[in-house]
Amino acid sequence: MKPFSLTISSPDGAIFSGNVTCISLRGSEGDLAVMAGHTPFVTSVVPCECKVTLEDDTEKTGKTDGGILTVSSETVVFLSGSFTWL
């Protein structure tokens, strides 16, 4: 899969910045997954587990208390109130 740039930040600072192939989490309208080339949008994120698939196909899982996800043509930014890797 084609990679894209992902940034995850919280008030405590940067949590993650790098290229990934997928991020999946729960938006205010339900579960969603973002891959390269996704249509740009902005949504609120509810408390959930967040799965990030790295370029080497390994998966990292974190827990968030919610936030805002912004998807643009080249990058994805997740601003979280709190985020912890599990």
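# Strands, core and rings

Colleague: Five bridges join β7 to β8. Do these strands run parallel or antiparallel?
Modeller: This is a predicted model, in which local features need pLDDT of at least 70 and side-chain atom pairs count only at pLDDT 80 or more, while totals for chains, interfaces and linings use all residues. Residues are numbered from 1 along each chain as its sequence is written, and side-chain values use heavy atoms, leaving out hydrogens and water. Strands are DSSP runs of E with at least two residues, numbered from the N terminus, and two strands pair if DSSP finds at least two bridges between them. With their five bridges, β7 and β8 run antiparallel.

Colleague: Through how many residues does the hairpin join β7 to β8?
Modeller: In this pair, G67 stands opposite S80 in β8. The number of residues through which the hairpin joins β7 to β8 is three.

Colleague: Which residue in β8 stands opposite I8?
Modeller: β8 is also joined to β1 by five bridges, and these two strands run parallel. Opposite I8 stands F78.

Colleague: Which residues form the covered face of β8?
Modeller: In a regular strand the side chains alternate between the two faces of the sheet. In β8, T75, V77 and L79 make up the uncovered face. The covered face has V76, F78 and S80.

Colleague: How many residues has the largest nonpolar core?
Modeller: A nonpolar core is a set of buried (under 20% relative accessible area, 1.4 Å probe) Ala, Val, Leu, Ile, Met, Phe, Trp, Tyr and Cys residues joined through side-chain atoms within 4.5 Å. Those with the most contacts inside the largest one are L6, I23, L25, V52, L69 and V76. The elements that give two or more residues to this core are β1, β2, β5, β7 and β8.

Colleague: With which residue does the side chain of T64 make a polar contact of 2.7 Å?
Modeller: T64 is in strand β6 (residues 59-64), and T64 is buried because its relative accessible area is 4%. A polar contact is a pair of N or O atoms within 3.5 Å, one able to donate a hydrogen and the other to accept it. A polar atom of the T64 side chain lies 3.0 Å from the backbone nitrogen of G66. The contact of 2.7 Å joins the side chain of T64 to that of S80.

Colleague: How many aromatic pairs are there?
Modeller: Rings pair if their centres lie within 6.5 Å, and planes over 60 degrees apart count as edge-to-face. The count comes to three.

Colleague: Why does the pair of F16 and W85 count as edge-to-face?
Modeller: The ring centres of F16 and W85 are 6.3 Å apart. The pair links strand β2 to strand β9, 69 residues apart. F16 is buried at 14% relative accessible area. The F16 and W85 pair is edge-to-face because the planes stand at 75°.

Colleague: Which residue lies over the face of W85?
Modeller: At 26% relative accessibility, W85 counts as partly exposed, that is, between 20% and 50%. F16, F78, F83 and W85 form one aromatic cluster. A charge sits over a ring if NZ of Lys or CZ of Arg is within 6 Å of the ring centre and within 35 degrees of the ring normal. At 4.2 Å from the ring centre of W85 lies K60.

Technical notes: Helices (H or I, at least four residues) and strands (E, at least two) are DSSP runs, numbered from the N terminus. Rings of Phe, Tyr and Trp (its six-membered ring) pair if their centres lie within 6.5 Å; planes under 30 degrees apart count as stacked, over 60 as edge-to-face and the rest as tilted.
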